[in-house]
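Thanks for asking me to look this one over. My notes follow as numbered points, with the cut-offs given along the way.

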Amino acid sequence: MVIKYPIIVEGKYDKIKLDSIVSAKIITTDGFGIFNDKEKLHLIRALSEKSKIILLTDSDGGGHLIRSYIKTAIPAN
């Protein structure tokens, strides 16, 4: 299945699993590494300005923090 929007996931195992299911640009946040990786955050922001993005994080506390951080860093569409 081809997905035209970039998919943002937490870790490398999430990416490996998705790669086996879909064809899409998949970017990892490296877990909490996104909080210190300004270049990756800039990339996610730039992608979100060009098109919609799909943000998939775990439903635990860490996933919620990462999701909230990214959502506040990108412009609302």
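1. A definition to begin with: two strands are said to pair if DSSP finds at least two bridges between them. Helices (H or I, at least four residues) and strands (E, at least two) are DSSP runs, numbered from the N terminus. With that in hand, strand 1 (residues 7-9) and strand 2 run parallel and are joined by three bridges.

2. A word on provenance. This is a predicted model, in which local features need pLDDT of at least 70, side-chain atom pairs count only at pLDDT 80 or more, and totals for chains, interfaces and linings use all residues. Residues are numbered from 1 along each chain as its sequence is written, and side-chain values use heavy atoms, with hydrogens and water left out.

3. On the overall layout, the protein chain contains three helices and three strands, arranged β-α-β-α-β-α from the N terminus on. The three strands make an open sheet with the order 2-1-3 and parallel pairing. Strand 2 and strand 3 (54-55) are the edge strands, each pairing on one side only.

4. Next, the dimensions. The C-alpha trace spans about 30 × 25 × 20 Å along its principal axes. As for burial (buried means under 20% relative accessible area, exposed over 50%, partly exposed in between, with a 1.4 Å probe and protein chains only), 35% of the 77 residues count as buried.

5. Which residues make up the largest nonpolar core? A nonpolar core is a set of buried Ala, Val, Leu, Ile, Met, Phe, Trp, Tyr and Cys residues joined through side-chain atoms within 4.5 Å. The largest has eleven residues: Ile8, Ile27, Ile34, Leu41, Ile44, Leu47, Ile53, Ile66, Ile70, Ala73 and Ile74. Helix 2 and helix 3 are the elements that give two or more residues to this core. A second, separate core has five residues, including Ile7, Val9, Leu18 and Ile26.

6. Isoleucine 27 deserves a click in your viewer. This residue sits in strand 2, opposite isoleucine 8, and counts as buried because its relative accessibility is 8%. Contact means heavy atoms within 4.5 Å; leaving out residues up to four places away in sequence, isoleucine 27 touches Ile7, Ile8, Val9, Lys40, Leu43 and Leu47.

7. Is threonine 57 buried or exposed? Threonine 57 counts as buried, because its relative accessibility is 19%, and its place is in the loop between strand 3 and helix 3 (61-73).

8. Last, a backbone detail. Most residues other than glycine have a negative phi. Aspartate 30 is not a glycine, yet has a positive phi of about 55°. Aspartate 30 belongs to the loop between strand 2 (26-28) and helix 2 (38-50), and is partly exposed at a relative accessible area of 47%.
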